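These are my notebook entries on one protein chain. I record below what I looked up, beginning with the chain as a whole.

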Amino acid sequence: MPTPLTGPDPSQKVIDPVGPHAEGLKEGRLLVARCAGCGHVSLPMRPVCGRCATVGRAYWIVSSGRGRLWSFVEFHKTYSSTFKLAAPYVVAVIELEEGALIYGNVDAPYADLEVAMPVTARFEDTGHGRELIFTTE
Ligand SMILES: [Zn+2]
């Protein structure tokens, strides 16, 4: 007879998968999660490591902000009035040197970009808070 489901295991720690990352951005720090079991780095923080299946033992680290373009597209519409970059602008997936894949904007013309190109994070004050933008410099 199967064991009935009783809900979440109360012994498991509840994690906030992106809250510390969002708070770090406000302070000009790029935080990513590292698994205490194997060192795998990800964003958002995951309750179970996708590499080694360690449960609830990830912690936050500060990324160097250096990475490489993994993929990118050009957007022709701006969705926020506080957004720093004027359309058209680049939305990219960046592989940070710590290993995490994150979404970000790249302040460079689309035609100048290539997959695997090095990029670096910087924070700009928009007047409405800090904004994370990657550059190719
Ligand atoms: Zn792991």
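**Entry 1: the model and its contacts.** I noted that this is a predicted model, in which local features need pLDDT of at least 70, side-chain atom pairs count only at pLDDT 80 or more, and totals for chains, interfaces and linings use all residues. Residues are numbered from 1 along each chain as its sequence is written. I then looked up the contacts, where two residues are in contact if their C-beta atoms, placed from the backbone, lie within 7 Å. Of the contacts in the protein chain with a separation of 6 or more, 49% come from residues 24 or more positions apart.

**Entry 2: secondary structure.** I counted 1 helix and 8 strands in the protein chain. Helices (H or I, at least four residues) and strands (E, at least two) are DSSP runs, numbered from the N terminus. Along the sequence I read the pattern α-β-β-β-β-β-β-β-β.

**Entry 3: burial.** I applied these cut-offs: a residue is buried if 20 or more other C-beta atoms lie within 10 Å of its own, exposed if 12 or fewer, and partly exposed in between, with C-beta atoms placed from the backbone. By this rule, 22% of the 137 residues in the protein chain are buried.

**Entry 4: a sheet.** Which order do the 3 strands of the open sheet take? I found β2-β1-β3, with antiparallel pairing. Strands β2 (41–42) and β3 (58–62) stand at the edges with a single partner strand each, so one side of each has no neighbour in the sheet. Two strands pair if DSSP finds at least two bridges between them. Strand β1 (residues 31–35) is joined to β2 by 2 bridges, and Ala-33 lies opposite Ser-42 in β2. The pairing of β1 with β3 is antiparallel and has 5 bridges; there, Cys-35 stands opposite Ala-58.

**Entry 5: Arg-130.** I located Arg-130 in strand β8 (residues 130–135). Why does Arg-130 count as partly exposed? The reason is that 16 other C-beta atoms lie within 10 Å of Arg-130. Leaving aside neighbours within four places in sequence, I found Arg-130 in contact with residues including Leu-25, Lys-26 and Phe-123. Finally, I noted that Arg-130 and Lys-84 are 46 residues apart in sequence and 9.9 Å apart in space, C-alpha to C-alpha.
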